[in-house]
Amino acid sequence: MSSHPRLGRFILKAAVFAVGLGLCGALLGALALALAWPNLPNLSALTDYRPRVPLRVYTADKVLIGEFGEERRNVLSFNEIPDVMKSAILSAEDDRFYQHGGIDWLGVVRAMIANITNMSKVQGASTITMQVARNFYLSSQKTYTRKFYELLLTFKIESTLTKDQILDLYMNQIYLGHRAYGFAAASRTYFGKPLSEITPAEAAMLAGIPKAPSRFNPIANFSRAKIRQGYVLGRMKDLGYLTDAEYKQAMAQPIVLKSAPGTPAGGYAIHGEYVADLARQLLYGVYQDNVYSRGFNIYTTIKSGDQEAAHDAVRDGILDYTRRAPYPGPEETIDLPAGVENDPTKLDSILDSVQDKYADDEGLLVGVVLSAAPDKVVVARSSQEIIDVTNKNALKVIARGLVKNAKDKVKISRGSVVYIHKNGDYWEIINKPTVQAAFVSIRPEDGAIISMVGGFSFGDDQFNRVTAAWRQPGSAFKPFIYASTLERGITPATQVSDEPFTLTAEQTGSKAWSPKNYGNAYEPMLTMRQGLYKSKNMVSIRLMQAVGPKYVQDYITRFGFDRSRNPAVLPLALGAGAVTPLQLADGYAVFANGGYRVLPYLIDHITDSSGKVIMQAKPIVAGDSANRVVDPRTVYVMDDLLRGVATYGTGARVHRELKRDDIGGKTGTTNDSHDAWFAGFTPKLVGVAWMGYDQPKSLGSRETGGGAALPIWLDYMRYALKGQPQIPPGPMPAGLEKIDGDYYFSEFPPGQAVARVGLPTPNDVPPSTTPPPDAINNLVNQLTNSTTADRNGGTPAQTQRVQF
C-alpha cells in the first residue's frame with residue numbers, strides 16, 4: 001500500500017518538473033523572440049520592391065545593343081507570369097505553399113530526421129517564403145542561428161504580404177544561373193523566348209534550376225537538368241497540374257537551347273558594342289556605380305540598320321586591306337602527330353587547346369592545317385569539320401606561305417594554326433587583321449549620331465577610334481583651308497601655281513622644307529577648283545600662304561577643330577594637324593547643313609525602370625541664325641566644289657558607283673600613307689571613314705584614302721541612301737553670282753577677285769607664315785605621337801565632343 005503514495009509523489013514531481021522545464025523553455029523562447037524580433041530587418045525591400053535591374057542601351061528604333069550589370073533581369077507582374085510556370089515552381093519547390101503559414105512543419109520534421117541520421121546539417125525544409133527571406137536578407141550558410149532568424153522573418157513576411165505577392169517576389173528575384181535573375185530572364189537566357197511562350201517541358205526545366213543553379217542549368221549540365229526536369233514533370237502530374245497525355249507530351253518534347261539576343265550567352269541582334277559602351281560611360285559620369293542596378297534605359301540616336309551596315313562595311317574594308325597586304329604567316333605551328341586525324345578524340349583534344357588559346361572572332365574561325373600544297377590547303381576545325389581551301393583567289397593571298405622556299409615565319413605547313421573565313425561561296429585563309437578602321441555617320445541637321453564603329457573587334461579592343469583617336473586628316477582637311485580663302489577674295493577660278501618649291505632653313509628657322517604632290521606629279525598652273533579636284537598639295541599650301549596660317553587657324557575653329565592641335569604653320573594646309581573621325585564629321589556637317597555648327601550627340605533620352613523619362617536631349621538645330629558659323633555663300637560654293645570632287649576628282653568613284661549628284665566629299669591620305677580617309681555628305685547625312693594602324697606606320701606605298709577608306713564609306717552609303725531621293729542644290733544665296741561658269745562673291749567680282757596666286761620669292765614670305773624653329777619638321781611626329789598619348793591616358797575626345 002505504501003508504494004502507491006511514493007509512486008504518486010514521483011509522478012507528481014516528474015509532472016511538476018516537466019511543466020517547470022516547459023515553462024523555462026517557453027520563457028527562454030519568449031525571451032529569445034523578444035530579443036530577436038525587434039532586430040529583424042524592415043520589410044521595405046519587399047513591400048517597396050525595387051529589383052537590381054541592369055542598365056540597358058537601345059537604338060532609336062528600340063533594338064537592344066548593350067546591357068550592363070551583374071544581374072540580368074526582366075521583371076514581370078504576377079498576372080504576366082503564365083500559370084504553367086507557377087505550377088511548375090510549386091511542384092518543384094513548395095507544393096503546399098498556399099496551405100501552410102510560411103513553414104511546412106512536415107518538411108521540418110523530415111529535415112530534422114535526415115540531419116540527425118547524418119549527424120550534420122545536410123537537408124533543409126525551406127519553403128518559398130523562407131527562400132524569399134533568405135534571398136533578400138540572409139545568407140545561405142547552414143547554421144541554426146541563421147535558421148532561427150529565417151523562421152522569424154518568414155512569419156513576419158507571411159503576416160505582411162499575400163501569398164501571391166510572395167510568389168511574385170520569388171519568381172522575379174531567384175538566381176537561375178548565367179547571370180539570369182528571375183524566370184523571365186532565364187527563359188530568354190536558355191530558350192531565347194519570352195516567358196509567355198513557355199511550354200510545360202521548358203517550364204519544368206526552369207523550375208528545376210533553383211535547387212542548384214550552377215549544376216542544374218541546362219547550359220552547364222544538360223543531362224542533370226533533364227533528370228531534374230523529369231522529376232518536376234512527375235510532380236506536376238501527381239499534383240494534377242498535368243494530365244497523363246500532357247505529361248507524356250512534355251517528356252517527349254525535345255529541348256532546344258537558344259539564347260535570345262541581348263543575353264550574355266546570346267549576344268545582340270546588331271553590333272553596337274562601341275555605341276553601348278560610350279553611352280554607358282556618359283551616364284556613368286552622372287550616376288557613378290549606381291548606374292548598373294537602377295534599371296535605366298538609354299535610347300540612343302543610332303539607327304539599327306545603319307549601325308549594322310556600318311559594322312559590316314568596316315569589317316569588310318579591313319579584311320579587303322588584309323588580303324592586299326603581304327601575308328604575314330600563321331599564328332604559330334604546333335607539332336601535329338602523324339595520323340592523329342584518324343583518332344577523333346585525340347584530334348578534338350588538340351583542337352580544343354588551340355581554340356582556347358586563339359578565339360574565334362565573328363566570321364574568323366580558328367583551325368589547324370592538316371596538309372598544305374600550292375593548290376590545296378586542308379584545315380581542321382574539329383574531327384567532324386574538315387575544310388578544303390582550293391579557290392584560286394584565296395590561294396593567291398597566301399601564296400608566299402605555300403612555296404617550297406618559304407621562310408619559316410610565313411610558311412604554311414601541317415600543324416599551322418590559321419584563321420579561316422567564308423568569303424562568299426568559298427573558304428579562305430586570312431590572318432587576324434592588325435590594321436584598324438573606324439566609321440561614323442551623323443545627321444547634319446542636329447548632330448545626331450546615326451552609326452558608329454570604333455574598330456575591327458570590340459571584344460579584342462575597346463578603344464573607340466571614332467571619339468578618341470587623334471589622327472592627321474591629310475587632304476580630307478583641305479576643304480576647310482579652301483573655304484577660308486573664299487572669304488578673302490579667292491575664287492574657284494583663281495589660278496594657282498602647282499610648281500614644287502622649297503623653303504630654306506633661313507625661312508623656316510630650322511630645316512629646309514620641300515613639300516611634294518602625291519606621285520611627284522606637277523603642273524604649271526591650276527585653278528583653285530582643279531587643285532581641289534586633284535588634291536594638289538602645292539595648290540593648298542600656296543592658298544594658305546596667300547591668306548596667312550594664323551587666319552586659317554582662327555577660321556577652322558568655326559567648324560569645331562581644336563586650335564592647339566592645329567598650329568598656325570604651313571603643313572596645316574596638308575592636314576598635318578590632328579582630328580578625331582567624329583570631329584571631322586562634325587566639321588563636314590557645317591558644309592552639309594548650310595553653315596551651322598551643331599554638336600554631335602548620342603543619347604536621345606533616358607528612362608528609369610518605370611519608363612519615366614528622366615533625361616531628354618535638346619540638340620542645337622541647323623537654321624538658327626545664332627548658330628551660323630560660316631557665310632552661306634561660302635557653304636554654297638564649297639558644296640559645289642565638293643560635289644565636283646565626288647564626280648570628277650579623287651572621289652569620282654562615288655558618282656560612278658552610287659549614280660547620285662547630291663554627294664560631296666574628299667579623300668585624304670597622310671604622309672607615307674599612315675592614315676587613309678574619306679569624308680562625304682548629302683544634305684541629310686554625313687559619313688567619315690578612316691583606316692590606319694594604332695601605332696602609326698605606312699599602310700603601303702600604293703594605299704590611299706580612295707583605295708582604303710572610300711570603299712568602307714561606299715558600302716555604308718549603299719544601304720543608307722537606298723531609296724532616298726536626290727536633293728538638288730538650294731537657291732543661290734544673296735551676294736553670290738555665277739559668271740562665266742564659276743562663282744564670285746559680290747564684293748569680289750571679276751577684276752577685283754584674286755586672279756592668280758603664283759610662286760613667291762623668299763622675300764615674299766610674310767613673317768606670319770614663318771613657322772617656329774623645328775615646327776615644320778617635327779609637327780607630323782608630334783601630332784602622330786599624340787594619338788598614342790591620348791590612348792594611354794590623355795583626355796578622350798568624347799568628354800569634349802559628345803553630349804547628352
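Two strands are taken as paired if DSSP finds at least two bridges between them, and helices (H or I, at least four residues) and strands (E, at least two) are DSSP runs numbered from the N terminus. The legends below describe a predicted model, in which local features need pLDDT of at least 70 and side-chain atom pairs count only at pLDDT 80 or more, whereas totals for chains, interfaces and linings use all residues. Residues are numbered from 1 along each chain as its sequence is written, and side-chain values use heavy atoms, with hydrogens and water left out.

**View 1**
Eight bridges join E19 (residues 675-682) to strand E20 (residues 685-692), and the two run antiparallel; a hairpin of two residues connects them. Within this pairing, Phe678 has Ala689 of E20 as its bridge partner. The hairpin formed by E18 and E19 has five residues between the strands, and Asp672 in its turn has a positive phi of about 60°. In a regular strand the side chains alternate between the two faces of the sheet. Both faces of E19 are covered, with Asp675, Trp677, Ala679 and Phe681 buried on one side and Ala676, Phe678, Gly680 and Thr682 buried on the other; buried means under 20% relative accessible area, exposed over 50%, and partly exposed in between (1.4 Å probe, protein chains only).

Asp662 counts as buried because its relative accessibility is 2%. Its side chain makes a polar contact of 2.9 Å with the side chain of Arg660, a polar contact being a pair of N or O atoms within 3.5 Å; within protein, one must be able to donate a hydrogen and the other to accept it, and residues adjacent in sequence count only if both atoms are side-chain atoms. The side chain of Asp662 also reaches the backbone nitrogen of Ile727 at 3.1 Å. When neighbours within four places in sequence are left aside, Asp662 is in contact with Arg643, Phe681, Thr682, Pro683, Pro725, Gln726 and Ile727, where contact means heavy atoms within 4.5 Å.

Strand E14 (residues 490-497) and E23 run parallel and are joined by three bridges, and Ile490 stands opposite Val754 in E23.

**View 1. The largest nonpolar core and the contacts of Tyr588.**
This core has 83 residues, and those with the most contacts inside it are Val440, Phe480, Leu584, Tyr588, Phe591 and Met638; a nonpolar core is a set of buried Ala, Val, Leu, Ile, Met, Phe, Trp, Tyr and Cys residues joined through side-chain atoms within 4.5 Å. Helix H23 (residues 581-592) gives the most to this core, with eight residues. Apart from its neighbours within four places in sequence, Tyr588 is in contact with Ala476, Pro479, Phe480, Leu642, Lys666, Ala679, Phe681 and Val686. A second, separate core of 54 residues includes Tyr358, Val366, Val378 and Leu685.

**View 2. Phe561, in the loop between helix H22 (549-556) and H23.**
Phe561 counts as buried because its relative accessibility is 3%. Not counting residues up to four places away in sequence, Phe561 touches Phe477, Phe480, Ile556, Asn566, Val579, Gln583, Leu584 and Gly587. Phe561 and Ala578 are 17 residues apart in sequence, and their C-alpha atoms are 8.7 Å apart in space.
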